[in-house]
Amino acid sequence: MTGIADTSFDPVRATEHLRFVRRIYQMRTLGLGTGFFAVAGVLYEHDASAWVWALLFANGYLWPPLAYLLASRSVDPEYAEYRNLVIDSALGGIWIAVMHFNVVPSALLAVMLSADKISVGGWRFFARTATAQALTCATVWALLGFAFAPDSSMPVILASLPFMFVYPMAISSAAYGLARKVVRQNKQLDQLSRTDPLTGLQNRLHWDDSATATMTYCARSSKGAALILIDIDRFKEINDFHGHLVGDAVLRRVAGTLHEVVRLTDTASRIGGDEFALILMDTGLDAAVAIAERIRNAVEDARFDEAPALRCTVSIGVATTGPKTISAAMWMRHTDTALYRAKQLGRNAVAVAED
Ligand SMILES: Nc1nc2c(ncn2[C@@H]2O[C@H](COP(=O)(O)OP(=O)(O)OP(=O)(O)O)[C@@H](O)[C@H]2O)c(=O)[nH]1
């Protein structure tokens with residue numbers, strides 16, 4: 001802790017805060033717009049003076065746009081909006097006292113002003129706003145000589161109905177929208193955490209899950225799958241001679257070749273620096289070797305604008321699931337041995353795991 005406030009501008013957070021201000025503006029417009037009628041029913045019965053009506057009108061229809069302007073133009077829109085929410089509660093407290101605690105609209109005001117605070121800032125924020133509400137309510141109640149008339153007439157109840165129905169629906173709909181957003185963002189995060197940023201293929205994490213899931217599926221369905229391990233030959237030399245940017249282009253080209261051969265049910269992953277894995281579902285050894293040869297040929301034929309003289313090859317090991325591969329780790333080891341043999345054969349070769 002340096003004790004110095006962090007004043008740096010974060011555009012992503014600023015956009016989030018403005019979105020929050022807009023969301024609250026919509027909720028406030030709806031809540032106060034319908035809440036106006038709940039209070040108006042009581043004011044009508046009390047034969048309230050013109051200035052009280054003017055204040056109610058200002059609170060119901062002028063305060064929402066004013067609060068929006070104040071928050072959206074503030075240096076710290078989020079902080080300003082939280083302050084506006086406290087003001088909402090304080091104003092609500094005033095109206096409860098002005099209504100002499102007429103039970104239906106007063107209870108509605110108290111409940112709605114509590115529910116939206118909890119949904120926005122949790123119980124601690126609710127405690128702050130409830131305190132503000134209680135203070136203004138007590139002050140105005142004292143100024144009005146502790147007037148107390150809790151009975152609600154039918155017209156007052158009817159005038160409260162729009163607020164009673166519309167506002168909770170809006171709060172629920174906003175909460176549902178936020179929950180869906182969280183689910184969507186979690187999916188995106190999961191996708192990102194499983195993707196190799198350089199090649200767009202699945203990363204090692206996903207490969208481990210896919211290999212295990214494939215083994216389970218094969219054991220249950222008595223179907224087979226093939227695993228192809230691909231390693232770029234002398235990749236270190238490519239990096240050393242042409243530079244890492246060209247090395248990256250080679251990695252992307254090999255990944256592009258894998259993208260071209262996979263079907264929806266297959267999985268292509270980058271599982272190491274220059275090592276790739278392909279799981280082919282429902283595929284026998286011959287078909288897997290044919291695909292491995294296609295990959296080997298495609299990489300051999302590849303040319304690179306960044307390094308026209310560069311020729312690149314891959315060594316490939318192939319193994320299918322079978323009695324010897326009772327776990328994903330064993331399947332991997334089996335295929336790795338085949339890949340090692342392909343390297344021993346002089347590289348740019350495809351080798352099959354021995355039974
Ligand atoms: N450009 C680039 N290079 C990487 C990346 N990740 C790992 N490498 C490099 O990949 C190289 C892998 O080299 P080795 O494992 O020695 O293998 P090799 O040179 O291909 O040798 P053989 O496999 O025996 O043919 C290392 O030099 C790593 O620095 C990457 O994301 N980009």
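For my counts I take Ala, Val, Leu, Ile, Met, Phe, Trp, Tyr, Cys and Pro as nonpolar, Asp, Glu, Lys and Arg as charged, and the others, Gly among them, as polar.

**Ligand shell.** With that settled, I looked up the surroundings of the ligand in this predicted model, and by class I found four nonpolar, four polar and seven charged residues in the shell. Of the 15 residues around the ligand, Phe235, Lys236, His244, Gly247 and Gly273 come nearest. I then asked which elements give two or more residues to this shell, and noted strand E1 (225–232), helix H7 (235–242) and helix H8 (244–261). The largest share, four residues, comes from H8.

**Nonpolar cores.** Next I turned to the largest nonpolar core, which has 46 residues, and wrote down Ile228, Val254, Ile316 and Val318 as those with the most contacts inside it. At least two residues of this core are supplied by each of several elements, including E1, H8, helix H6 (204–221), strand E3 (275–281) and helix H9 (285–301). E1 gives the most, with seven residues.

**Spans from the record.** I checked the unreviewed UniProt entry, which lists residues 25–44, 51–71, 91–113, 125–149 and 155–179 under "transmembrane region". In the model, residues 25–44 are 100% helix and 0% strand, with the end C-alpha atoms 28 Å apart. For residues 125–149 I noted 76% helix and 0% strand, and here the end C-alpha atoms lie 30 Å apart.

**Ala134.** Is Ala134 buried, partly exposed or exposed? I placed Ala134 in helix H4 (residues 103–143), and then found it to be partly exposed because 15 other C-beta atoms lie within 10 Å, a count between the limits of 12 or fewer for exposed and 20 or more for buried. The C-alpha atom of Ala134 is separated by 7.7 Å from that of Ala90, although the two residues are 44 residues apart along the chain.

**Confidence.** Last, I looked up the scores: the protein averages a pLDDT of 92, and 97% of the residues score at least 70. Over residues 1–5, however, the pLDDT is below 50, and beyond near neighbours in sequence this stretch has zero contacts in the model. Where pLDDT is low, the predicted coordinates should not be read in detail. I also recorded an ipTM of 0.94 and a pTM of 0.66 for the model.

Notes:
Residues are numbered from 1 along each chain as its sequence is written. This is a predicted model: local features need pLDDT of at least 70, side-chain atom pairs count only at pLDDT 80 or more; totals for chains, interfaces and linings use all residues. A residue is near a molecule or strand if its C-beta atom, placed from the backbone, lies within 6 Å of it. A nonpolar core is a set of buried Ala, Val, Leu, Ile, Met, Phe, Trp, Tyr and Cys residues joined through C-beta atoms within 7 Å. UniProt positions are given in the numbering used here, feature names are shortened, and annotations may be inferred rather than shown by experiment. pLDDT is the predictor's confidence in each residue, from 0 to 100. Two residues are in contact if their C-beta atoms, placed from the backbone, lie within 7 Å.
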